[in-house]
Amino acid sequence: MSLPANTDLGYTPPDGGWGWAVVFGASISVGFAYAFPKAFTVYFKELRMDFNVSYSQIAWVTSIMCATTYGGGPISSILVNRFGSRPVVIFGGLLCGIGMISAAFCTSILQLYICVGVISGFGLALNLQPSVIIIGKYFLKRRPIANGLAMAGSPVMLSTLAPLNQFLFDNFGWRGSFFILGAILLNCCVAGALFRPIGMAADPVQKQTIKQAEKTVKEQPNNSSIEMVPPKTVSLLSGTEDEEDKDCCEKFNKYLDFSLFKHRGFLIYLIGNVLMFLGFFAPIVFLAPYAKHLGIDEYSAAFLLSILAIVDMIARPITGIIANSKWVRPKIQYFFSFSIAFNGACHLLCPLATGYTGLVIYSVFFGLGFGMVCAMLFETLMDLVGAARFTSAVGLVTIAECCTILLGPPIGGTLIDTFGDYKYMFIKCGAVMVLAGTFLFIMNYYNYRMLAKEERERKATEETMKDNKHIRTETEDGNIWAKEKMQDGPEVEPLTDEKEGLKKEVNGKSEV
Amino acid sequence: MRGSGSGSGPGSMRLRLLLSLAALWLSDANEPGTAMTTRDINQQTRESISDYTVKGHDLSTPGSHLSTQDFNQQTEENISNLTSAMYSISIDGFSSAPVEENVTLYSPANITLLCSLTRTSTDSATVEVTWKKDNERVESSNVTINEIQNAWSTQYTLKIRDRNQMGNYACVFKSDQEVKATFHLQVPQIEGKDHHVVSYVGDSVVLVCKSLKYIPINWIWYMSNGSDQVAVNDSLMPDKYIVDEKYANITKLKILKISEKDDRSYWCQAVFKLGESKGKVSLKVLTYMTPLKPFLAIAAEVIILVAIIFLYEMYSKKKQMHAEDEKEFEQIEQLKSEDSNGVENSTTRHRKV
């Protein structure tokens, strides 16, 4: 299979032009969504003292923020389905800003949970999903590169936000910093402004035929003209009537497509990813403490994370380019499973690293694996469900991942506390990820085979349908239906090429 | 004192001297019981020691010898109460720069300061070794000097009991040139904060001082008033200052209802047995106006960028619509002409059927 037959958007994505501005905006949005909770930990020490709470109570702030960012996925999807990406992102940016500004005036830890955790977290949710969605609308052939570049925003933003937070804190205290961060988060609105809506703006040729059809209908108001009007325009003109016939289930599906749960590829992705996230973030959280546990000083331990971030930053666009190449793109799911398993193998080998050099090597490979997985995280989902249904898919996936993302580090922490040794945490993370990678590899192999089989069946039925047409035209039957068919035939011919894409769309849905 | 070779005689004398000194230490031990039993013995040893110093090296007063034997038993039990430590500096020859070392003493202890100077072949045979406390020469029988094959070394044993004994002790080696090494005896340093703590008018802030390894007896907070330091009295002003001493090695000063007058340095003083040590924490008070300026600057930047993007989009849409209208016009003309041909074609098709 060359390109997946997921041109079900109804138009050809531009694959460039304004799309690169969209990628830039998306990288800013994605960067804020992923990096902001991580960079926020700079304020923990001071907040602990000022509010007189324990470390775990203050850590809840970022946990709630992460939970809302992922849990808000479905709502984000519904809003994008209804309003499009741009208004949602601008509203999300405003919400983040308001959340942080109100956090500057907080007097208790509970207020901090609400302002920073819930409000800003939800604002970030309204940033993350639409940014990823709109890339699928602007790119097709170069989508992996676009995804890789957009996801590269996360480590770049983290490297910028962490020192910036420290600088703001030193000069303005935590209240002033939150106030200014509110303004900085408003930049998400700038990113949102870049998300120019693109959609069923029909091709110019189709536009012409529609206009022409409307004119001919006006000029020749008799029955015979109906035969001259191409069938597609008829359906477009009477499209509004069809909508009323849909029942409420289908209407809801328009906003959030629950029929995805019957989609084989989607289920495979969901199960594999939910499993993977159980061991994905814990090693990052515990890398610096592990280094300090081995006797390495604080600054060198922090430097390990910097190495990780730098390798991550480089790995993401490069993975995008590799994933876009003609050898990898058709089998991108295998590449994704491989990168997950590679990540897992890194973690399994980490306990062997006992010195600083060993940990540096581990950080490099970890950064590489982490970047590879993150760059392809959404690309593979788009590849499986197609850009049209991606909107709902991403919402459903993020809310399912939410649980395991939050459970991962605490489970790792419990393992460390029970056994007093970090290696069990690494072994658990490594084992989970290798398992997830293997699962995805096997299931995607099965999925590719089934898709190939269905493609063959579809082509076979197409052939038989075409043959049937030719047979019918040769009969000397007198019925009107046959005549109309004959009359339809030649006029329909010029438009068949444009309709091919739509036919594929119809068939694509029927595969599912 | 001149350097001399070490022999068994002075060596064993020295050992006995040390042991009798150990008996003296018992007087400062924290166990009252033993102190009482050894008190009268100590007096005797003090007298006998003064005999030692007067008489020089050849000491063999039987009385004292007996008393030290009695003490030995006592000292073995009590010697573990006080810490003994040795601190040494090696100097690499006469031409090296003066060396310094910090010695942190938490409580009364017995310390031995050892200086050794490596000797080169070009150095002269005789060297004058002196010890100085705070640049004043010290004469003490607790000093020993040795000369080994390639180094001179000197040892000064001290029993540190009170704060007067803290200071700088320097060993000076002098022949043609002079070289010295200094030991700074000091109480544990307190960690304040390097960077100022920022807070806002009307807010409250917590200033923290920590003593990492050693637990002070007491903490006292001072605030700077011009060039003076005034004690912070938290009992007088309980709604302004609260001192929290939940843990003995961390002290927290909470200042409530901050005003601009509170923008000054605060000192936390830890009181130890052998002295005090201070840490500095400075507080910077800002008004809400201070972060407002960067905020407004960034908000303005966001609004300007969004406006530019939207304006550019409208402009490019207008251009596109103009171009499209022109194309449409052309295409409609084209289709119209095709239309007229098309009608003829379809009618011919009809006929064929």
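1. Let's start with one pair of residues: Lys133(B) stands opposite Tyr169(B), and that tyrosine sits in strand E8 of chain B. Keep in mind as you look around that this is a predicted model.

2. Strand E4 of chain B covers residues 128-133, and strand E8 of chain B covers residues 167-174. How many bridges join E4(B) to E8(B)? There are six, and the two strands run antiparallel.

3. Chain B has five strands in an open sheet, and if you trace across it, the order is E2-E9-E8-E4-E5, with mixed pairing. At the edges you'll find E2(B), residues 99-104, and E5(B), residues 136-138, each of which pairs on one side only. On average, neighbouring strands in this sheet are turned by 30° against each other, ignoring direction.

4. Next, have a look at where the two chains meet. On the chain B side, 38 residues are in contact with 35 residues of chain A. About 3,200 Å² is buried between the two chains, and carbon and sulfur atoms give 63% of that. Which three residues supply more of the area that chain B buries against chain A than any other three? They are Phe295(B), Ile309(B) and Glu313(B), with 16%.

5. Side chains of opposite charge can pair when their charged atoms come close. By the rule used here, there are 14 salt bridges over all chains, and the count between chain B and chain A is three. One pairing is Glu313(B) with Arg86(A), at 2.3 Å from N to O. Why does this pair join two chains? Glu313(B) lies in helix H4 of chain B, while Arg86(A) lies in helix H5 of chain A (residues 85-103), so the link runs from one chain to the other.

6. Another salt bridge to find is the one between Asp203(B) and Arg175(A), whose closest N and O atoms are 2.9 Å apart. Across the interface of chain B and chain A there are also five residue pairs in polar contact, with both residues at pLDDT 80 or more.

7. So what builds the side of chain B that touches chain A? Strand E10 (197-200), strand E11 (205-210) and helix H4 (289-352) of chain B each supply at least two residues. The largest share, 25 residues, comes from H4(B). Sorted by class, this side of chain B has 22 nonpolar, seven polar and nine charged residues.

Terms used
Residues are numbered from 1 along each chain as its sequence is written. Chains are lettered from A and ligands numbered from 1 in the order in which they are written. This is a predicted model: local features need pLDDT of at least 70, side-chain atom pairs count only at pLDDT 80 or more; totals for chains, interfaces and linings use all residues. Side-chain values use heavy atoms; hydrogens and water are left out. Contact means heavy atoms within 4.5 Å. Buried area is the accessible area (1.4 Å probe) that two parts lose on being put together, summed over both. A salt bridge is a side-chain nitrogen of Lys or Arg within 4 Å of a carboxyl oxygen of Asp or Glu. A polar contact is a pair of N or O atoms within 3.5 Å; within protein, one must be able to donate a hydrogen and the other to accept it, and residues adjacent in sequence count only if both atoms are side-chain atoms. Helices (H or I, at least four residues) and strands (E, at least two) are DSSP runs, numbered from the N terminus. Ala, Val, Leu, Ile, Met, Phe, Trp, Tyr, Cys and Pro count as nonpolar, Asp, Glu, Lys and Arg as charged, and the others, Gly among them, as polar. Two strands pair if DSSP finds at least two bridges between them. Axes are lines fitted to C-alpha atoms, for helices over the stretch in contact, and angles run from 0 to 180 degrees between N-to-C directions.
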